[in-house]
Amino acid sequence: MSDQYFTAAEIAEVSGQSLRQINRLASKQGWRRQTDKARKRNERGGGWEYHVDLLPDVARARLTITSESQTGSRDRNELWQYYEGLSKARKEACERRLEVVETVEQFVGLGMSKTAAVTYAAKQFNVAERSVRTWSNKADTVDRSDRLPALADGYRPTATHQDCHPDAWAVLKSDYLRPEKPSFSACYRRMKTAAKEHGWKPVPNEQSLRRRFKDEVPQSVITMARKGKDAAKGLYPAQRRDRSGLHAMEAVNMDGHRFDVFILMPGKTTPQRVHLIALQDLYSDKFVAWRLSVSENKDVVRLVIGDMVERHGIPDKIVLDNGRAFASKWITGGKANRYRFKVDPNEPEGLLISLGIDVVWATPYAGQSKPIERAFRDLCEDIAKHPFCAGAYTGNRPEAKPENYGSRAIPFKDFANHVERMIAEHNARPGRTAKNANGRSFDEIFSESLKQPTTLVRWPTKEQRSLWLMASDRITARRGSGEIHIFGNRYWARELNQYAGKKVTVRYDPDNLTKPMHVYDLENRLICIADCIADTGFFDTEAARDHAFKRNALIKNERENKRLHAELSPEELADVYGSKRAAEPLQPEPPVFKRIAAANGGSQAQKIEWTDDYEAAFSRRMDALEKQSLSENVVEFPEKGKGR
């Protein structure tokens with residue numbers, strides 16, 4: 001044994017296998033062909049030495065520990081780590097060996113030779129002298145404080161498994177590690193049949209491969225393969241979030257829960273289940289607002305947020321999941337990382353963004369990030385399984401239907417009152433054991449936190465109240481008057497004339513569309529509050545007179561506004577622009593330059609003042625040229641009616 005190279009005999013001795021098995025492994029894996037990991041021995045007897053990196057992990061660990069314990073160079077941390085991994089019986093064996101070694105040292109200290117001390121100690125503890133000598137030598141190679149782990153032997157119990165054809169073993173594992181969760185016996189039978197067809201040998205019996213599978217395949221791999229990623233998350237400890245550093249109304253979380261109760265809605269004959277949309281304070285766990293609805297939608301979410309703000313103020317943060325109702329542009333429009341719908345830079349600001357509430361998106365399907373999920377489980381027991389709901393309870397799974405399933409449906413109003421009572425009892429129940437509770441109720445925790453001088457809660461202004469009472473949308477004002485058409489209704493105010501044909505943001509009450517509508521520009525500045533314009537009957541003369549009166553009043557008002565803005569009359573403008581001043585005399589025409597033929601055939605530029613006399617002389621000259629034959633130095637003019 002030298003450095004990190006070991007002979008086959010040394011590997012076999014430490015790993016608990018035969019020399020033949022080690023040689024077979026070296027031949028099968030081609031150790032000797034890896035020249036940087038295998039070398040011939042230069043010592044007597046020859047043979048081969050193999051680097052520790054070629055060995056399996058278990059054999060490599062054993063060889064490392066054994067070699068270092070013999071040379072005394074083993075790291076103390078690894079030494080004690082190895083010792084801590086031993087069984088109780090093997091640790092007791094180390095303690096007994098240490099007692100033997102200390103007895104030998106006592107005899108030597110009394111003047112006895114070491115050989116005699118070893119002999120007496122062997123007789124006293126009834127062990128072989130050779131073993132005592134080996135233990136004593138080991139103890140001498142390490143520090144006195146490290147003797148206990150150094151006296152551990154290099155043996156580790158290993159599960160010896162029968163050989164199995166690699167392809168057969170791979171097929172068996174792959175078949176078993178599927179989400180369909182087949183039984184091991186069925187996988188083994190299929191593998192056994194395939195082994196006969198492909199000639200895979202050897203194939204051990206089922207129990208042998210079961211033991212091998214248990215030893216080699218970690219449970220985490222089995223969970224991931226057969227139960228999926230969500231189940232594998234449970235292998236890691238859940239995050240525990242400390243909320244003691246918050247205060248009441250600093251942060252809230254919101255979600256919906258569908259009750260397993262048949263409800264009869266007004267005007268309906270078929271029972272259905274309803275949703276509870278609720279808001280919970282993260283510091284106290286108190287429900288601060290809630291409403292019932294047949295579905296999770298943006299309208300009920302907006303109303304619940306409005307209820308909370310009206311009763312308890314505006315929180316700094318809100319935890320939401322990205323469901324369609326919560327990630328709607330009416331609620332979270334303008335949030336950059338909404339993770340649902342297409343993010344439009346021109347979309348209107350949602351209610352939460354307008355109120356200055358920071359939106360924190362919860363991890364989907366992760367109850368730890370939304371404490372309200374835990375509260376919903378309590379409400380399921382307190383509300384859905386209450387004697388009041390007997391006969392209407394549906395069960396939380398199709399196979400968990402009660403015997404009296406479907407025998408009753410609760411009217412919506414009665415169920416709403418029941419939910420109201422149970423949530424109030426939930427908030428007021430004493431003896432809570434949460435970290436912030438100390439035996440108090442959620443109501444007490446909440447109210448006491450609000451009394452602290454460090455608790456600052458924002459309250460809405462009168463103008464902000466329209467944000468949750470109205471629904472927000474972006475539409476185009478009609479050309480001409482600028483009136484707004486929505487849901488078959490028309491809304492108008494004179495300020496909309498300025499925005500005719502342009503996009504505006506409107507906020508209206510979806511439950512009462514006859515109420516005035518708030519109109520904002522693209523920068524969310526209030527333009528006006530537009531009234532709803534009702535249609536009139538075709539022969540309604542009274543309405544016609546009223547309409548004409550309002551229109552004439554508008555025209556009269558605009559005429560007065562025009563007079564105020566256009567202060568100067570046309571005559572006064574003419575005086576400003578100098579229209580009555582005498583016109584200035586015209587300037588003489590600039591001299592004209594002409595190029596004429598010279599007598600010698602050339603041309604020259606002359607400055608000519610073009611007067612009436614000159615024009616008459618020029619005309620006479622041209623007439624004379626047409627009547628006579630010109631010399632070669634005279635320019636010929638084409639006949640009339642012909643081209644040049």
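**Overview.** I started with the totals: the protein chain has 644 residues, and 37% of them count as buried. I kept in mind that this is a predicted model. For secondary structure I get 23 helices and 18 strands in the protein chain. I also looked at contacts with a separation of 6 or more, and residues 24 or more positions apart account for 57% of them.

**The sheet with β1.** Next I looked up the strand order here, and it reads β1-β3-β2, an open sheet of three strands with antiparallel pairing. I get an average twist of 35° from one strand to the next. Then I checked how β2 is held to β3 (residues 48–51): the two pair in the antiparallel sense over three bridges. For Ala38, I find Tyr50 in β3 as the bridge partner.

**Helix α5.** I moved on to α5 (residues 88–109), which has 22 residues. From first C-alpha to last I get 32 Å, close to the 32 Å expected at 1.5 Å a residue. Which of its residues are buried? My list has Arg90, Lys91, Cys94, Arg97, Leu98, Val100, Val101, Thr103, Val104 and Phe107. Looking for what covers these buried residues, I found, among others, α4 (76–84), α6 (114–125), α7 (129–140) and α8 (147–150). After α5 I noted Gly111, with a positive phi near 105°.

**α9 against α10.** I then took the pair α9 (residues 166–176) and α10 (residues 184–198). They pack at an angle of about 145°, and their axes are 9 Å apart. I have the crossing of α9 past α10 down as right-handed. On the α9 side, I see Ala168, Val171, Leu172, Asp175 and Tyr176; they meet Phe184, Cys187, Tyr188, Arg190 and Met191 of α10.

**Nonpolar cores.** The largest nonpolar core came out at 28 residues. I wrote down those with the most contacts inside it: Met254, Leu279, Val301, Ile305, Met308 and Ile318. Which elements give two or more residues to this core? I count in β4 (251–258), β6 (275–281), β7 (287–293), α14 (298–312), β8 (317–320), α16 (351–354) and β9 (358–361). The largest share, six residues, comes from α14. I followed up on Ile305 and, leaving out residues up to four places away in sequence, found that it touches Met254, Leu279, Ile331, Leu351 and Leu352. I also found a second, separate core of 25 residues, with Met265, Val274, Phe287 and Ile423 among its members. A general reminder to myself: in soluble globular proteins, nonpolar side chains tend to be buried together.

**Arg273.** My last stop was Arg273, in the loop between β5 (263–264) and β6. Is Arg273 buried or partly exposed? Its relative accessibility is 25%, so I put it down as partly exposed, given that buried means under 20%. In sequence, Arg273 and Phe259 are 14 residues apart, but in space I get 6.2 Å from C-alpha to C-alpha. Again leaving out residues up to four places away in sequence, I have Arg273 touching Arg258, Phe259, Asp260, Val261, Val294 and Thr394.

Definitions and conventions
Residues are numbered from 1 along each chain as its sequence is written. This is a predicted model: local features need pLDDT of at least 70, side-chain atom pairs count only at pLDDT 80 or more; totals for chains, interfaces and linings use all residues. Side-chain values use heavy atoms; hydrogens and water are left out. Two strands pair if DSSP finds at least two bridges between them. Helices (H or I, at least four residues) and strands (E, at least two) are DSSP runs, numbered from the N terminus. Axes are lines fitted to C-alpha atoms, for helices over the stretch in contact, and angles run from 0 to 180 degrees between N-to-C directions. A nonpolar core is a set of buried Ala, Val, Leu, Ile, Met, Phe, Trp, Tyr and Cys residues joined through side-chain atoms within 4.5 Å. Buried means under 20% relative accessible area, exposed over 50%, partly exposed in between (1.4 Å probe, protein chains only). Contact means heavy atoms within 4.5 Å. The expected span of a helix is 1.5 Å times one less than its number of residues. A crossing is left-handed if the near helix is turned anticlockwise from the far one by less than a right angle, and right-handed if clockwise.
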